[in-house]
Amino acid sequence: MRHIAMMRRAGGECHPGSPRAAPEATPSRTLVRSADVGEHYFARQPQTDSRPGTVDLVLPDLHLRLATDRGMFSPDRVDLGTRVLLETVPPPPPDGDLLDLGCGYGPIALTMASRSPQAIVWGVDVNERALTVAERNAQTAGLDNVRFGLADRIDPALRFAAIWSNPPIRIGKQALHALLQTWLARLAPGGRAHLVVQKNLGSDSLQRWLNDQGHPAERLASRAGYRVLAVDPKDPS
Ligand SMILES: C[S@@+](CC[C@H](N)C(=O)[O-])C[C@H]1O[C@@H](n2cnc3c(N)ncnc32)[C@H](O)[C@@H]1O
């Protein structure tokens, strides 16, 4: 078991080499109220006052104490859906480029990086505060095979051997579909995506939609009201 106890560090400094870019076509202050995570902003720069905290990510193979902050997803505890994903997904490919789509403060990307130390893991988000905290978490954990950034700082030629995501369902169906179409198209041949979606937030209709789009999608696990979907690339023929 990898066990890394982290000291909380206050502040939100950017790290050298941190990918930063021009604004994306994302609403700058969309307030979303979620039943299970409280308020959060899918904002590039959340307006909520900073209040640093920590959460423990405890998995059979990994224990990380992660820094969190207000203005990002699930700052008080590791989201249940995220835990369901990390406890049920098969091991990631041992090498290549791997993606955490909507990485937040990094629990999924850091788990991938720990489980596949020879791979390069990319964590993408729209929330700069979350990206800064995620980078800090990677440094504190001593995981140097993970890169966090905004989407447009990732080489468009990269193809991912695996994509893991607790996707941002609450951005709305149209935006979610566009997001998934963009990134699933970047699965490498033979690659696989694993998505965790709450049943009552539309996991089954999302699975149908993925299949309709030509991305074979099957239910890999169902636990605690969450489904883990395994999604394959479109057949190129
Ligand atoms: C359900 S949260 C999961 C966060 C983190 N992976 C976790 O498990 O705690 C979804 C994340 O997607 C991010 N997000 C929203 N719109 C996005 C977009 N267009 N591109 C990338 N990430 C996005 C949100 O900011 C949020 O951090």
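Biologist: What makes strand 9 and strand 10 a pair, and in which sense do they run?

Modeller: Two strands pair if DSSP finds at least two bridges between them. Strand 9 (residues 160-165) and strand 10 (residues 187-198) have five bridges, in the parallel sense, so they count as paired. One of the bridges joins Ala 162 to Arg 192 in strand 10. Bear in mind that this is a predicted model: local features need pLDDT of at least 70, side-chain atom pairs count only at pLDDT 80 or more, and totals for chains, interfaces and linings use all residues. Numbering starts from 1 along each chain as its sequence is written.

Biologist: Which strands are called edge strands, and why?

Modeller: The open sheet has seven strands in the order 8-7-6-9-10-12-11, with mixed pairing. Strand 8 (146-149) and strand 11 (217-223) are its edge strands, as each pairs on one side only. From one strand to the next, the twist averages 15°.

Biologist: What makes you say that helix 3 packs on the sheet?

Modeller: Helix 3 (residues 128-141) touches strand 7 (120-124) and strand 8; contact means C-beta atoms, placed from the backbone, within 7 Å. Its direction makes about 165° with that of strand 8, on a scale from 0 to 180 degrees between N-to-C directions, with axes fitted to C-alpha atoms, for helices over the stretch in contact.

Biologist: Which residues of helix 1 are called buried?

Modeller: In helix 1 (residues 80-88), Gly 81, Thr 82, Arg 83, Val 84, Leu 85 and Leu 86 are buried, that is, 20 or more other C-beta atoms lie within 10 Å of each one's own, placed from the backbone.

Technical notes
Helix = DSSP H or I, 4+ residues; strand = E, 2+ residues; numbered from the N terminus. Contact = placed C-beta atoms within 7 Å. Buried ≥ 20, exposed ≤ 12 C-beta atoms within 10 Å, placed from the backbone.
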